[in-house]
Amino acid sequence: MSGDAAEALGFLCGMSGVILGLPLLWAILTYNRFARLGQHVKESWSGVDVELKRRHDLVPNLVETVRGYAKHERETLEMVVAARAKAMAAGEALRERVDGESELGRSLGRLIALSESYPELKSDRHFLELQRELSLTEDRIAASRRFYNSNVRELNSLRIQFPSNLVAGVFGFREERFFELEDPSERAAPRI
């Protein structure tokens, strides 16, 4: 074999290595991107979860404060307590969590609306502080939800785009669900 032939053979072997290596490198990089985005989604959900738990912790104090002033509003108070229990027991399924939190948000709105009927309650320092904390918490939930949904959007977009959808299919990266409120009236924070 002449030197030129050996050189040509070496060049072809090198090129075939590059041709085979580039797709493998791309697949590894794409897999790692999916893994990173999956972690971002989990991290951002934990931020939402922290704020939801904060709201759950505020509810009993708010209910007890209102109960002291609005003794005959038992049905509303029980509705809030039941909605909180449902939201806390929803488990890990996102749809169940969203449904439970939506119900809790509606019942809290009704509870806050009760204060309009009780001027003494509206002026109670403890009640006003709880309202302020609840309002801040609702704002934090909304911000955390936006961050979570942004990460879900990025992951889901990568999952359906070609050619990264090939890696998603091979390694079983599934679509993540957005944390959306179905009732348009729930999209705004409760008026407090």
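Leucine 128 counts as partly exposed, because its relative accessibility is 39%. Buried means under 20% relative accessible area, exposed means over 50%, and partly exposed lies in between (1.4 Å probe, protein chains only). Leucine 128 sits in helix 5. Helices (H or I, at least four residues) and strands (E, at least two) are DSSP runs, numbered from the N terminus. Leucine 128 touches Lys122 and Ser123, not counting residues up to four places away in sequence. Contact means heavy atoms within 4.5 Å. Leucine 62 is 66 residues from leucine 128 in sequence, and their C-alpha atoms are 9.7 Å apart in space.

The model is predicted: local features need pLDDT of at least 70, side-chain atom pairs count only at pLDDT 80 or more, and totals for chains, interfaces and linings use all residues. Residues are numbered from 1 along each chain as its sequence is written, and side-chain values use heavy atoms, with hydrogens and water left out.

The chain has six helices and zero strands. Along the sequence, the pattern reads α-α-α-α-α-α. The chain has 192 residues, and buried residues make up 35% of them. Among contacts between residues at least 6 apart in sequence, 77% join residues at least 24 apart.

Two packed helices are described by the angle between their axes and the distance between the axes. Helix 5 (residues 125–160) packs with helix 6 (residues 164–171) at an angle of about 95 degrees, and their axes are 5 Å apart. Helix 5 is therefore roughly perpendicular to helix 6. Axes are lines fitted to C-alpha atoms, for helices over the stretch in contact, and angles run from 0 to 180 degrees between N-to-C directions. Angles under 35 degrees count as roughly parallel, over 145 as roughly antiparallel, 65 to 115 as roughly perpendicular and the rest as oblique. On the helix 5 side, Leu158, Arg159 and Ile160 meet Ser164, Asn165 and Ala168 of helix 6. By class, this contact of helix 5 with helix 6 has three nonpolar, two polar and one charged residues. Ala, Val, Leu, Ile, Met, Phe, Trp, Tyr, Cys and Pro count as nonpolar; Asp, Glu, Lys and Arg count as charged; the others, Gly among them, count as polar.

Proline 163 is placed in the loop between helix 5 and helix 6. A cis peptide bond joins phenylalanine 162 to proline 163, with omega at about 10 degrees. Most residues other than glycine have a negative phi, and most peptide bonds are trans. Phenylalanine 171 lies in helix 6. Its relative accessible area is 48%, so phenylalanine 171 is partly exposed. The C-alpha atoms of phenylalanine 171 and tyrosine 31 are separated by 8.0 Å, although the two residues are 140 apart along the chain.

Side chains of opposite charge can pair when their charged atoms come close. The structure holds 11 salt bridges. A salt bridge is a side-chain nitrogen of Lys or Arg within 4 Å of a carboxyl oxygen of Asp or Glu. One of these joins arginine 55 and glutamate 101 (2.4 Å, N to O). The pair links distant parts of the chain: arginine 55 is in helix 1 (residues 3–69), glutamate 101 is in helix 3 (residues 94–114), and they are 46 residues apart. Arginine 55 counts as buried, because its relative accessibility is 4%. Glutamate 101 also counts as buried, at 4% relative accessibility.

Lysine 86 forms a salt bridge with glutamate 103, with the closest N and O atoms 2.9 Å apart. This pair also links distant parts of the chain: lysine 86 in helix 2 (residues 74–88) and glutamate 103 in helix 3 are 17 residues apart. Lysine 86 counts as partly exposed at 42% relative accessibility. Glutamate 103 is partly exposed, with a relative accessible area of 26%.

Glutamate 129 forms a salt bridge with arginine 132, the closest N and O atoms lying 2.8 Å apart. Both residues, glutamate 129 and arginine 132, lie in helix 5, three residues apart, about one turn of the helix. Glutamate 129 counts as partly exposed at 37% relative accessibility. Arginine 132 is partly exposed at a relative accessible area of 41%. A network of salt bridges links Arg54, Glu129, Arg132 and Glu133.

Glutamate 51 is placed in helix 1. Glutamate 51 is buried yet has no salt bridge. Lys and Arg count as positive and Asp and Glu as negative; His and the chain ends are not counted. Glutamate 51 touches Thr137, Arg140, Ile141 and Ser144, not counting residues up to four places away in sequence.
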